[in-house]
Amino acid sequence: MQENVRPEKGIVVGAGIAGLGTAIALARQGVSVTVIDRDPPPGSDDPDRAFAEWPRRGVAQFRHSHVFLARLYVLLRDHYPELLATLLQMGARKLPFSASLPPQLLDGYDALAADDDFTLLSSRRVTLELAMRRFAAAQPGIEIVPDCRVQGLVLSPDSGIPEVSGVRIGEGEKQELRADFVIDASGRTSPFPDLLRKAGARIAEESAPAGIVYFTRHYRLRPGRSEPPRGGAPSVADLGYLKFGVFRADNGWFSVTLAVPEIEDGLRALVRKAAGFDAVCAQLPGVSPWTDRACAEPMGDVYAMGGLDSLWRHYMRGPRPVVRNFFAVGDAVIRSNPLYGRGCSAGFLQGHLLARVIAQTSDPLARAQAFYAAQMREIRPYYDIMVKQDAQAIRRAERARDPDYQPRFRARVARHIVEQAIGPASRADITVFRALMRGFHMLEEDPRAALRDPAIVSRILRIWARGPRRNRDLAERQAGPDRATLFARVALAGS
Ligand SMILES: Cc1cc2nc3c(=O)[nH]c(=O)nc-3n(C[C@H](O)[C@H](O)[C@H](O)COP(=O)(O)OP(=O)(O)OC[C@H]3O[C@@H](n4cnc5c(N)ncnc54)[C@H](O)[C@@H]3O)c2cc1C
């Protein structure tokens, strides 16, 4: 039963994906929300113009490739269908389950109604932001204040732990905005953890490097051209020394991202420039049909972004919150390697969970506890696995530079399981593929649910037992050259 008796007022700092998502979810619960953002508003509601012109200094990744996992799609479909409709109307596309099926499973694919749960949303990030912003601005109870940098918090003295009652947007009392609670959605550069620590909040923090640098270039299909057909070499793959992906987007746009290990200085310097980026794309058989000039024209230069990490901030210490009436959502509290494409789903999901908690109880302690528990339940298992996989990828990138490296027995077994059992089974058996996709899209609480399910494991073993010869057609397709070959072809020195 809802305990709240008077309508509350919240301040959300940051009008990015998590901030807008949180505001929309709170407005649903009858909370009035002021969303404050340091950046100017978009000058246009048109994705192409906003992409070209909107100065978005508050979001460093604004012009990098984004794709939105089914977790976000399902959240929108089930709880915010009008927002989903706005997004689609602005040009975003639903990529159905059939679009992610391995070619071997496409023949004879019988769609289930539940397969809609695996829909990816594809658009430029600008398009999602514009849709969310337009939708949020139209909701009663939401006010968006652009061009306004929050500089500090209004803290009540003498309450043991810091208690937040508003934000400061400048010096002096007149520059204070008061609210029942403040939500930090200010992203990767949030000033609040440091400010709160200075005020005595004991915020613990875990972080781990992603180990890669992101390089993105956008393209638009030429008039009359369509996207290259599926079924050829993979357009998304991990070569160990290089990860890459083609990101289908909206309104004829797509982008290519090359994620280069931090230690690959030469490759990084090469792809930072358009000519080097193109030269590498030309060597990737699943990418080159897209970037072929006859198919698409490049829309600007290469964007680069480093300093990528995973981060988890703990606003609880044991059972007690370290600050009252203050919550953090999105990248300001939890972030992960962008390669997994989970940040926007996780940010919007956190906003949705927080709004539910706020509607359920007005007790600040119970709110903090319930929100933390929800984050731990819904996101933590994925965070742990991503950090582990990043550490493995960093090691793999190091070994790729060593021509004499011989994997140890355990590593050979692990590779065998992936390459000879799980991989072929996911291409042969749609039940296995569906189960794995639930983890990929964050639709399970346990990302490893598929591999812990005896029925799925026995289906995988059945395919494995047929042996490599019978599974020949199920082997992963060659995604690109090995490191030495690529380096030779693009005239890069070996190490
Ligand atoms: C290179 C890259 C690629 C990515 N690709 C994907 C992807 O494919 N799919 C996916 O789901 N996720 C992806 N992510 C993650 C995703 O971009 C983030 O998780 C998501 O944007 C987080 O949303 P947020 O609202 O927390 O932060 P942001 O979207 O960064 O928004 C923060 C907002 O706070 C404002 N702000 C900051 N400081 C202040 C202040 N002091 N006062 C007022 N306003 C302030 C900023 O202007 C901004 O509007 C990617 C991330 C990176 C780095």
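The side chains of Asp39 and Arg38 are joined by a salt bridge with an N to O distance of 3.2 Å, a salt bridge being a side-chain nitrogen of Lys or Arg within 4 Å of a carboxyl oxygen of Asp or Glu. Asp39 is buried at 3% relative accessible area, while Arg38 is partly exposed at 32%; here buried means under 20% relative accessible area, exposed over 50%, and partly exposed in between, with a 1.4 Å probe and protein chains only.

The model is predicted, so that local features need pLDDT of at least 70 and side-chain atom pairs count only at pLDDT 80 or more, whereas totals for chains, interfaces and linings use all residues. Residues are numbered from 1 along each chain as its sequence is written, and side-chain values use heavy atoms, with hydrogens and water left out.

| Pair | N to O distance |
|---|---|
| Asp39 and Arg38 | 3.2 Å |
| Glu205 and Arg197 | 2.7 Å |
| Asp309 and Arg335 | 2.8 Å |

In the second pair, Glu205 is partly exposed at 39% relative accessibility, and Arg197 is also partly exposed, at 31%.

The salt bridge between Asp309 and Arg335 ties together parts that are 26 residues apart in sequence, because Asp309 lies in strand S17 (residues 309–314) and Arg335 in strand S21 (residues 334–335); strands are DSSP runs of E, at least two residues, numbered from the N terminus. Asp309 is buried at 16% relative accessible area, and Arg335 is buried at 9%.

Elsewhere, salt bridges with shared partners link Asp37, Arg38, Asp39, Arg56, Arg125 and Glu129 into one network. Over the whole structure, the search finds 42 salt bridges.

Note on methods:
Helix = DSSP H or I, 4+ residues; strand = E, 2+ residues; numbered from the N terminus.
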